[in-house]
Amino acid sequence: MPDGVIAPEDPRAEDIRQLLAQHLAYARTHSPPEDVHALELEGLLDPSVSFFSYRLDGELLGVGAIRRLDVRHAEVKSMHTASSARGRGIGRALVEHIIRTARLHGFLRLSLETGSMPAFAPARSLYASVGFAVCPPFDRYTASPNSVCMTLLLAEHYPGN
């Protein structure tokens with residue numbers, strides 16, 4: 001893991017709001033409107049969401065969140081690394097932190113939705129490299145040629161799998 005600090009943080013902080021705006025702009029540039037599932041700030045303030053930042057010497061380089069879907073299942077949300085910091089392992093550090101957090105909270109399954117377009121290939125590759133596998137749509141997602149759903153079983157035996 002690169003040097004830096006991953007910690008819970010308020011998504012209303014100015015630098016975080018700016019990075020989240022970049023995240024939403026990226027999603028809207030590469031996905032049709034009906035398939036942009038990134039959370040707006042209000043969604044990140046929901047009590048079901050735990051939001052994290054990655055900072056190096058105080059500089060915000062990445063963000064990520066976990067959203068509780070039910071007592072056994074959580075979702076990765078708002079994963080984004082600043083464009084100037086990509087390729088340095090920050091996304092991997094964040095997703096590994098989210099996986100550890102999900103396990104600590106007793107979740108048995110962690111899922112996510114990302115784009116199917118080439119712009120999202122690095123994200124899909126990162127998720128696959130830590131054990132996520134393509135799965136059918138979950139929660140409120142529906143099948144779409146623009147989306148890829150992935151899941152990671154956090155417990156060896158997951159009922160309903």
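Predicted model: local features only at pLDDT ≥ 70, side-chain atom pairs only at ≥ 80, totals over all residues.
Local features need pLDDT of at least 70 and side-chain atom pairs 80 or more, while totals for chains, interfaces and linings use all residues. Residues are numbered from 1 along each chain as its sequence is written, and side-chain values use heavy atoms, without hydrogens or water.

Start with the largest pocket. A pocket is an open set of points on a 1 Å grid over the protein atoms alone, with protein on both sides within 12 Å along at least five of seven lines; lining residues have an atom within 4 Å of a point. Its volume is about 760 Å³, taken as the space filled by probe spheres set on the points, which are joined across faces, edges and corners. The lining has 34 residues, and Met79, His80, Phe120, Ala123 and Tyr127 lie nearest the centre. Strand S4 gives the largest share, seven residues.

Tyr127 leads on to the aromatic pairs. The whole structure holds two (ring centres of Phe, Tyr or Trp, its six-membered ring, within 6.5 Å; planes under 30 degrees apart are stacked, over 60 edge-to-face, the rest tilted). Tyr127 and Phe132 have ring centres 5.8 Å apart and planes at 65°, so they pair edge-to-face. Tyr127 is buried at 7% relative accessible area (buried is under 20%, exposed over 50%, partly exposed in between; 1.4 Å probe, protein chains only). Phe132 is buried too, at 4%.

Back to S4, which spans residues 73-81 and includes Thr81 (strands are DSSP runs of E, at least two residues, numbered from the N terminus). Thr81 is buried at 14%. Beyond its neighbours within four places in sequence, Thr81 contacts Leu61, Gly62, Arg86, Ile90 and Gly91 (heavy atoms within 4.5 Å).

Terms used: Helix = DSSP H or I, 4+ residues; strand = E, 2+ residues; numbered from the N terminus. 1 Å grid on protein atoms, 1.4 Å probe; cavity = no way out; pocket = protein on both sides within 12 Å on 5 of 7 lines; lining within 4 Å.
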